[in-house]
Amino acid sequence: MAKAKVKSSAKKKPAATASGRRKKSPRVERMIRVDHAGEYGAKRIYQGQMKVLGKNPRLKKLLQEMMDHEQEHLQYFENAIPARRVRPTALLPLWHVGGFAMGAITAVMGEKAAMACTVAVEEVIEQHYQKQLLELGADEPALRRAIEKFCADEVHHRDIGLDHGAKQAPGYELLYKIVSNITRRAIWLSERV
Ligand SMILES: [Fe+2]
Ligand SMILES: [Fe+2]
């Protein structure tokens with residue numbers, strides 16, 4: 001009896017090639033690109049705040065803690081970009097200047113305004129990471145674990161902002177709205193450009 005032809009299962013298993021190398025997934029590629037951009041921007045925001053508020057030892061310690069986390073998050077995606085041959089966003093120069101400016105401007109407005117900026121940015125990033133975790137499901141367990149850890153750090157940063165008077169910043173509601181809108185637009189652009 002002639003054996004029935006078995007159709008290739010390549011369509012069902014896009015995760016690996018015959019050589020065992022991971023096949024590129026446009027969805028995961030987009031995630032790495034935007035997360036790399038986001039962590040880069042976050043580090044620049046804290047650098048901007050540090051430039052203005054870093055003379056105060058108490059604030060310096062606080063900002064340094066958050067900046068160290070952002071550096072750790074950024075390093076993960078800095079490694080993932082060449083490892084997975086992902087094109088980074090073309091907008092990094094914009095986030096370099098824009099992130100620093102957003103941190104510095106809010107810091108010039110005062111410690112509480114800087115904390116309001118932190119709360120707005122970190123809440124948007126938390127939502128963004130939660131969305132990615134839902135999208136990933138059980139795929140990419142290592143990436144998933146990293147995002148879970150980073151997301152917990154972002155929630156911790158948000159709480160630091162809240163514990164240090166973010167909501168007492170003059171014009172908190174408006175400032176929160178502006179910063180979260182900018183962050184959402186930056187995410188949208190970094191996924192695409
Ligand atoms: Fe981060
Ligand atoms: Fe953060």
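Colleague: Starting with Glu 140: buried, exposed or partly exposed?
Modeller: Glu 140 is partly exposed, because 18 other C-beta atoms lie within 10 Å. Keep in mind that this is a predicted model.

Colleague: Where does Glu 140 sit?
Modeller: Glu 140 is in the loop between helix H4 (111–136) and helix H5 (141–163).

Colleague: What about its phi?
Modeller: Phi of Glu 140 is positive, near 50°, and the residue is not a glycine. Arg 85 also has a positive phi, of about 50°, and is likewise not a glycine.

Colleague: Which loop holds Arg 85?
Modeller: The loop between helix H2 (57–83) and helix H3 (92–108) holds Arg 85.

Colleague: And is Arg 85 buried or exposed?
Modeller: Arg 85 counts as exposed, because it has 9 other C-beta atoms within 10 Å.

Colleague: How much of the chain is buried?
Modeller: Of its 193 residues, 38% count as buried. As for contacts with a separation of 6 or more, 79% of them join residues 24 or more positions apart.

Colleague: What are the pLDDT figures?
Modeller: The average for the chain is 88, and 88% of the residues score at least 70. Over residues 1–21 pLDDT stays under 50, and the model has eight contacts beyond four places in sequence for that stretch.

Colleague: On to the largest nonpolar core. Which residues touch the most other members?
Modeller: Ala 116, Cys 117, Ala 120 and Val 121 do, out of 32 residues in that core. Helix H1 (26–53), H2, H3, H4, H5 and helix H6 (172–192) each give two or more residues to this core.

Colleague: Which helix has the largest share?
Modeller: H4, which supplies 11 residues of this core.

Colleague: What does Cys 117 touch?
Modeller: Leaving out residues up to four places away in sequence, Cys 117 touches Ile 45, Met 102, Gly 103, Thr 106 and Val 179.

Colleague: Ala 80, then. Which helix is that in, and what does Ala 80 touch?
Modeller: Ala 80 is in helix H2. Not counting residues up to four places away in sequence, Ala 80 touches Ile 32 and Val 86. Ala 80 counts as buried because it has 20 C-beta neighbours inside 10 Å. Ala 80 and Arg 33 are 47 residues apart in sequence, with 9.3 Å from C-alpha to C-alpha.

Colleague: Last topic: at what angle do H1 and H4 pack?
Modeller: The angle is about 170°, and the axes are 12 Å apart. Angles over 145 degrees count as roughly antiparallel, so H1 is roughly antiparallel to H4.

Colleague: Which residues make the contact?
Modeller: From H1, Met 31, Gly 38, Ala 42, Ile 45, Gln 49 and Leu 53. From H4, Glu 111, Ala 114, Cys 117, Val 121, Ile 125 and Gln 132.

Colleague: And how many of each class?
Modeller: The contact of H1 with H4 has eight nonpolar, three polar and one charged residues.

Notes. Residues are numbered from 1 along each chain as its sequence is written. Chains are lettered from A and ligands numbered from 1 in the order in which they are written. This is a predicted model: local features need pLDDT of at least 70, side-chain atom pairs count only at pLDDT 80 or more; totals for chains, interfaces and linings use all residues. Helices (H or I, at least four residues) and strands (E, at least two) are DSSP runs, numbered from the N terminus. A residue is buried if 20 or more other C-beta atoms lie within 10 Å of its own, exposed if 12 or fewer, and partly exposed in between; C-beta atoms are placed from the backbone. A nonpolar core is a set of buried Ala, Val, Leu, Ile, Met, Phe, Trp, Tyr and Cys residues joined through C-beta atoms within 7 Å. Two residues are in contact if their C-beta atoms, placed from the backbone, lie within 7 Å. Axes are lines fitted to C-alpha atoms, for helices over the stretch in contact, and angles run from 0 to 180 degrees between N-to-C directions. Angles under 35 degrees count as roughly parallel, over 145 as roughly antiparallel, 65 to 115 as roughly perpendicular and the rest as oblique. Ala, Val, Leu, Ile, Met, Phe, Trp, Tyr, Cys and Pro count as nonpolar, Asp, Glu, Lys and Arg as charged, and the others, Gly among them, as polar. pLDDT is the predictor's confidence in each residue, from 0 to 100.
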